[in-house]
Amino acid sequence: MHLAAHFPGVNSTTVWTDPRSRSQIDFSSFEHLARTAERGRFDFFFLAEGLRLREHNGRIHDLDVVGRPESLTVLNALAAVTERLGLAATVNATFNEPYELARRLATLDHLSAGRAAWNVVTSSDAFTGENFRRGGYLDRADLPQVLGSARTGGTPYTRAAEFVATARELWDSWTPDGTSRPFTHTGQHFEISGEFTVPRSPQGHPVVIQAGDSGEGREFAASTADVIFTRHGTLEAGRAFYADVKARLAAYGRQPDDLKIMPGVTVVLGDTDAEAQENAAEIRRLQVSPQNAILALEQVWGRDLSSYDPDGPLPDIDPDLGSDLVQGRVRVADPLAVAAKWRALSEAKGLSIRRTVIESTARQSFIGSPETVAADLEKFVATDAADGFILVPHLTPGGLDDFVDRVVPLLQERGAFRSEYTGSTLRSHLGLAEPVWKG
Amino acid sequence: MSAIRPLHLAAEIGGPPRYDAASHVALARLAEGGALDFVTLNDSFARPGPDALAVLARVAPATTRIGLVPTVTTTHTEPFHVSSAVATLDWVSKGRAGWQTDVSTTEAEARLFGRRAAAPPAALWQEAGEVADVGARLWDSWEDDAEIRDVATGRFVDRDKLHYVDFEGSTFSVRGPAIVPRPPQGRPVTVIDGTSGPAREAAARHADVVLVRATSPEQAAALADELRRGAAAHGRDPDSLRVLVALTVDLGDAETTPEPGLESGPQLAGRGTYFRGGPVDLAELITQWHRGGAVDGFHLTPITPERDLERIVNGTVALLQHRSLFRTFYPGGTLREHLGLSRPANRHAPARTAGGTS
């Protein structure tokens, strides 16, 4: 089993109202969570990325955590206070350039002695682009390639695929014995040449992580990624996804073990299963404040519903399909269907707006006593629903303490998880071979 | 100048490319042992070496007081990313970050990116000034008390204290606000090497620290005056500018007499000024130049960092400390405090909450 820790923030998972919630920005918070993960012998520590503050109804969204430091800089600092833990940065392949990013990633791999990973994401919206030189390019001939997203079936992946391939060409432009050789890359998106300034790094190439669930996203991961970050929280969905993605690897000459499947999951513990369920309900209640309930509703309806009572019934008007009320996050794919489903649930159970949102939106993946959770996690891996998990705690920075203190020892007793690191690089933790040098 | 201003000392820890953390940490700790204001780490996309800002982020938790100033280039990078990374260096170092703004003038660098052709320095420095400007605006785009965590209203931030920058530069635009909240120093310290004319113009307008090259105290004083007049012309307080003489030093053979010319100043060599002699001679030169009030201090680039930085700290600096010309400990925690620069008030904050002057 492989385990990773996600630093929570900038979404409604984080319960910032909890008195134990500390800074989302201070380095001490990152250090605490990373040291906890390393104490638990986790594979890696994972940071998300933000390139524009989210907006709602034309104003900056103010109900969730807002703001975060820049990932690669934080991870380089964390390399000073950890020794074995992998360090994964989410960095956009749309609003960056291969040469600069390949250099920053190779630097992190050197400075951490082989612990760097890159979670490749793409962005296609001009909303984000307004912060970048690249923003204008969306209006030019590249538009068909970059428009669309994993959800709408478009193709943000052509630039990303060429981006990753180009980065690997740069990482391979030094020979393993330390000689720099000029590179030339000529492709659809990039035409660059010169000499890379960083020698081949301790892992050969930093580990590549990819998130995405569309057919194209799965294909991109199967062809390119070392780890795929998914959302499939149930055993059945996990097994279907696992079988599908692993089956795609052969077409690229890869073995099933070459790509690790790691869903992002939440865990709620209690001394007993019943107590864990109570804790989970309380966390959900805190995550969906009255204000957040209305906001969640507006994200489906695409309308200003601020006059509605969160403890009252759902609106009887239909969603506005052409709305741009929500900016900076993906709107639900089919608002009419979601609204119909929520109405049916609300009527069947007599639920208020807030109760409906609590019942309908993302819930905890693993809830129970430490014994129950350890058994459930092991079952996922044993039945090919996942190779491991990326844990998303709901508290910063102490949200992993209980898991590491109470669940990890049980996993270790069961022989399901390592008791000590056996290697020093992230590739060795993940059981991934060093990439063959393609000079 | 009536009173002698406090002496400021900084050192470059680059030299031949090194890719491990240990050597950089050792040099930064050595400089910290001498209570130097800051270390710089030079960088460019076209010469061997790791990303300088990343290296100094790696150094940050391994040091406690010394300022950390990587070279950050503005020509082929994204101003929004650059401002985020520098702000984050300030967060991870608890207020010790600066950045030495630089441009990329060569075709070789342009080909690494394939986005734009090389351009004349004047145009690139005009753009670099805009990047410094938008950086400061992004750092101010969060008021210091924007995070409110108001449980009663369910609001994590006060959105009225987050501001769009809506910056329109000659080659880029940025909508804002920043993703990274306002860093501990308010604005990290901006350092510009003012050796070239176009850079000097940007420095007078945007820099907190300017590096100059001079072969005599008189020449250094004239450059400092020019920079301070330029700053005043841009509506800045000229006393908010620190002017340091940049000197490449070779302390390789401390037993020999210094190169001829020490009496009149360091030798000119290439782009920079070059000093060769012993640690005591260097202390003498610093003392003489600083006593006249010509400059605020020195930025020393050791020709062989492991050897020369050790001699600078244990020889030159120790002697300056013995003469009470340089501090023996850090009275403050941030780079701005080392430099005697106040924490800039946020341009959006009402006057009643202003914490100082910029």
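The buried residues of helix 2 of chain A are Ser71(A), Leu72(A), Thr73(A), Val74(A), Leu75(A), Asn76(A), Ala77(A) and Leu78(A), where buried means under 20% relative accessible area, exposed means over 50%, and partly exposed lies in between (1.4 Å probe, protein chains only). Helices (H or I, at least four residues) and strands (E, at least two) are DSSP runs, numbered from the N terminus. This is a predicted model, in which local features need pLDDT of at least 70 and side-chain atom pairs count only at pLDDT 80 or more, while totals for chains, interfaces and linings use all residues. Residues are numbered from 1 along each chain as its sequence is written, chains are lettered from A and ligands numbered from 1 in the order in which they are written, and side-chain values use heavy atoms, with hydrogens and water left out.

Helix 2 of chain A is largely enclosed by the rest of the structure, because eight of its eight residues are buried. The cover over these residues includes helix 1 (27-39), strand 2 (44-47), strand 5 (86-92) and helix 3 of chain A, along with helix 2 (52-59) and helix 3 (79-92) of chain B. At the start of helix 2 of chain A, a side-chain oxygen of Glu70(A) comes to within 3.1 Å of the backbone nitrogen of Leu72(A).

We turn next to the place where the two chains meet. With contact taken as heavy atoms within 4.5 Å, 59 residues from chain A and 63 residues from chain B take part. Together the chains bury about 5300 Å², 59% of it on carbon and sulfur atoms; buried area is the accessible area (1.4 Å probe) that two parts lose on being put together, summed over both. Seven salt bridges are counted between chain A and chain B, each a side-chain nitrogen of Lys or Arg within 4 Å of a carboxyl oxygen of Asp or Glu. One salt bridge pairs Asp51(B) with Arg103(A), at 3.6 Å from N to O. On the side of chain A that touches chain B, two or more residues each come from strand 4 (59-60), helix 2 (71-78), helix 3 (98-111) and strand 8 (191-194) of chain A. Helix 3 of chain A gives the most to that side, with seven residues.

What about the interior? The largest nonpolar core has 188 residues, and those with the most contacts inside it are Phe42(A), Phe45(A), Trp118(A) and Phe403(A). Such a core is a set of buried Ala, Val, Leu, Ile, Met, Phe, Trp, Tyr and Cys residues joined through side-chain atoms within 4.5 Å. In soluble globular proteins, nonpolar side chains tend to be buried together. Not counting residues up to four places away in sequence, Trp118(A) touches several residues, among them Leu101(A), Leu105(A), Phe163(A) and Trp171(A).

Asp140(B), in the loop between helix 5 (121-139) and strand 5 (147-150) of chain B, is buried, with a relative accessible area of 0%. Beyond its neighbours within four places in sequence, Asp140(B) is in contact with residues including Arg182(B), Arg187(B) and His348(B).

Finally, some backbone details are worth a look. A cis peptide bond, with omega about 0 degrees, joins Thr396(A) and Pro397(A), and Pro397(A) lies in the loop between strand 15 (388-391) and helix 14 (401-413) of chain A. Lys94(B), although not a glycine, has a positive phi of about 55 degrees; at 59% relative accessibility, Lys94(B) counts as exposed.

Methods. Polar contact = N/O pair within 3.5 Å; in protein donor to acceptor, adjacent residues only side chain to side chain.
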